[in-house]
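Here is my note on this model. Please read it beside the coordinates.

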Amino acid sequence: MMTIEQYKTQKNIELLAQRWPKTSSIIFYTPRRFEGNLKYAFIDICARIKKQSLPVAAYFLTLHVEDYLSLRAEDLPVIHWSPETEKPLKSLLDASVVVEDGFYYDSPPTPPLLFSALQGAKQVNLWHGTPIKKIHLQLTDSMVEIDYHMSAIFKYSASIHTVCLASKNHSDLFKKTFLAKSHKVTGYPRNDILKRQLNRADYINVDLETLEQLTALDGKKKIFMYAPTWRDGDPSWLSKIHIEQLAGLISKLDGILLINPHPFERSIAENLLQQIPGIFFQKGHDIYPLLRITDVLITDYSSIIFDYLLTDKVVVLYRPDHDQYIKKSRELIPEQFSSVQLPLAENLGELEGILLQLSDSPKEEQIRLKALHNDFSDSHSSERVGNVLMNLAGCGALKRLVYRFKSFLNNMIKL
């Protein structure tokens, strides 16, 4: 519970942040770990700033000391916000842009003072995937309890300046989700590594042991990833997926089963799943370096579907608890749900039949879905996002061109 003194402090810093003169400084922040769209957009923009000597500063702001140390080890600019340390207030107040991934609420685990110090910055949303489930302002047409957390979500939905999308076809969807001033079709930065080779920093927060083991098997055995979506922390669904039998089925197909539980439910699933022989349990925070070497994705309602389409490998839907999910967990977005016409199994027997008849290349419907949900299939989404961020931070295309030319001349003089 916040005291009256803490509340007044928060409001005072918020007013200061709104009046503070901004610099060409960009803060990447999530209360989660260093992974996903923020990770790859941040790595890319840091490399561009350094290589082209651009007049922009970029920092990753984290609550996790492990991520702070990992980024420091790669010489990446990082700020650690901790109750035990002095607060990096000026660095936050200077920021003209804050980049987040959908968890930037005025509620725990984001510290209130941190949230207040960034209030003067333009907020850019790199949402963590194209949704099939209803989210944020779409929930206002449902029977929801309007508690503090829900009100913070609604406030957040109205505070976004720019949202970056994977496809122009998602514009109407995100207009119903957020009240953003601008929508930019850039593609998702995390999908870049599905199309390019990995760099050193890409390995941060990756399960390197599992990656090494699966890489050694790549080309020798077919790798199946099972990646279910979040089920609001309810472990009862685990009894319906028959994971031990699924592992046996994949083994019978001479394949490898890689399990990637939703990060919010890893602690629920880990104890159970790690006891089952014949599976690899993904323990890292960033799955995309592993995703790129898999051959088949098995999932349900996860946004990972739309990302995986870019690999031109096969997606299979496995929804043995569909009725329970839509009744007890989350309503689905009708147009999104109906658009995903992929091989669908409602039980293990149906899944076996589908897997036995799988081809190695996607069918026509999957190719259509790829084009519908992804305007780009290259490895330059991080660059496009970086351009959006630098424009908002006052370093537009012309200024970037001038500095690139200066950098080129300096390099020529050194030669």
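This is a predicted model: local features need pLDDT of at least 70, side-chain atom pairs count only at pLDDT 80 or more; totals for chains, interfaces and linings use all residues.

1. Strand β8 (residues 222–227) runs parallel to strand β9 (residues 255–259), and 5 bridges join the two. Within this pairing, K222 sits opposite G255 of β9.

2. Now the sheet around that pair. It is open and has 6 strands, in the order β10-β9-β8-β11-β12-β13. The pairing is parallel.

3. Next, a helix pair. Two packed helices are described by the angle between their axes and the distance between the axes. For helix α9 (residues 243–252) and helix α15 (residues 348–356), the axes come within 11 Å and cross at roughly 20°. Angles under 35 degrees count as roughly parallel, so α9 is roughly parallel to α15. The crossing is right-handed.

4. Which residues make the contact of these helices? From α9 come Q245, L246, L249, I250 and K252; from α15 come L348, L351, E352 and L355. By class, the α9 contact with α15 has 6 nonpolar, 1 polar and 2 charged residues.

5. Finally, charge pairs. Side chains of opposite charge can pair when their charged atoms come close. The count of salt bridges comes to 19. One of them joins D286 and K39, with the closest N and O atoms 2.7 Å apart. D286 lies in the loop between β10 and α11 (288–291), and K39 lies in helix α2 (residues 36–52), so this pair ties together parts 247 residues apart in sequence.

How values were computed. Residues are numbered from 1 along each chain as its sequence is written. Side-chain values use heavy atoms; hydrogens and water are left out. Two strands pair if DSSP finds at least two bridges between them. Helices (H or I, at least four residues) and strands (E, at least two) are DSSP runs, numbered from the N terminus. Axes are lines fitted to C-alpha atoms, for helices over the stretch in contact, and angles run from 0 to 180 degrees between N-to-C directions. Angles under 35 degrees count as roughly parallel, over 145 as roughly antiparallel, 65 to 115 as roughly perpendicular and the rest as oblique. A crossing is left-handed if the near helix is turned anticlockwise from the far one by less than a right angle, and right-handed if clockwise. Contact means heavy atoms within 4.5 Å. Ala, Val, Leu, Ile, Met, Phe, Trp, Tyr, Cys and Pro count as nonpolar, Asp, Glu, Lys and Arg as charged, and the others, Gly among them, as polar. A salt bridge is a side-chain nitrogen of Lys or Arg within 4 Å of a carboxyl oxygen of Asp or Glu.
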